[in-house]
Amino acid sequence: QVQLVESGGGLVQAGGSLRLSCAASGKPFSIDTMGWYRQAPGKQRELVADINRGGSTRYAESVKGQFTISRDNAKNTVYLQMDSLKPEDTAVYYCNAKIRRYYYSSSTDYWGQGTQVTVSS
């Protein structure tokens, strides 16, 4: 069974940093794009950043230059380094990965359980 396990959220003051991690367990056949989404209270879930297996990245305009996404393919893990955090970055952050469970499987979206990031002013 494939699962995405997140860690690294918490409470931080404005201007501080946090690093989120998300590891895929269950030995999937392959993982294509991995990324992070966030959902603030009363708002829709939005893409924060993603990275494909080759290392190409995309960022939401609101976090460019502030957040950095990276991955370790050998560990099936994606990271999100968040610097200069602002109160408006407060949200539940969800890990996402497009995974082929077996060699004959099609690519499927998997989601982590979510981790709370709270930035105090």
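The model is predicted. A search of the whole structure finds three aromatic pairs. Tyrosine 37 and tryptophan 111 form one that is edge-to-face, with 5.0 Å centre to centre and 65 degrees between the planes.

**The pair between strands**
- This pair links distant parts of the chain, since tyrosine 37 belongs to strand S4 and tryptophan 111 to strand S10 (residues 108-111), 74 residues apart.
- Tryptophan 111 has a relative accessible area of 37% and is therefore partly exposed.

**The tyrosine cluster**
- Tyrosine 102 and tyrosine 104 form a stacked pair, because their ring centres are 5.4 Å apart and their planes lie at 15 degrees, under the cut-off of 30 degrees.
- Ring pairs join Tyr102, Tyr103 and Tyr104 into a cluster.
- Tyrosine 102, at 40% relative accessibility, counts as partly exposed, whereas tyrosine 104, at 59%, counts as exposed.

**The nonpolar surface patch**
- Phe29, Tyr102, Tyr103 and Tyr104 make a nonpolar surface patch of about 530 Å².
- Phenylalanine 29 is located in the loop between strand S3 (18-25) and strand S4 (30-39).
- With a relative accessible area of 48%, phenylalanine 29 is partly exposed, as the exposed class requires over 50%.

**Arginine 45 over aromatic rings**
- Arginine 45 lies over the face of tyrosine 94, at 3.7 Å from the ring centre.
- The charged end of arginine 45 also sits over the ring of tryptophan 111, 4.8 Å from its centre.
- Tryptophan 111 thus has arginine 45 over its ring and tyrosine 37 as its edge-to-face partner.

Definitions and conventions: Residues numbered from 1 in each chain as written. Predicted model: local features only at pLDDT ≥ 70, side-chain atom pairs only at ≥ 80, totals over all residues. Heavy atoms only, no water. Patch = residues over 30% accessible without salt bridge, like charges linked within 9 Å, V, L, I, M, F, W, Y side chains within 5 Å. Areas by Shrake-Rupley, 256 points an atom, 1.4 Å probe, with all protein chains shown as cover. Salt bridge = Lys/Arg side-chain N within 4 Å of Asp/Glu carboxyl O. Helix = DSSP H or I, 4+ residues; strand = E, 2+ residues; numbered from the N terminus. Buried < 20%, exposed > 50% of the residue type's maximum accessible area, 1.4 Å probe, protein only. Phe/Tyr/Trp six-rings, centres within 6.5 Å; stacked < 30°, edge-to-face > 60°. Lys NZ or Arg CZ within 6 Å of the ring centre and 35° of its normal.
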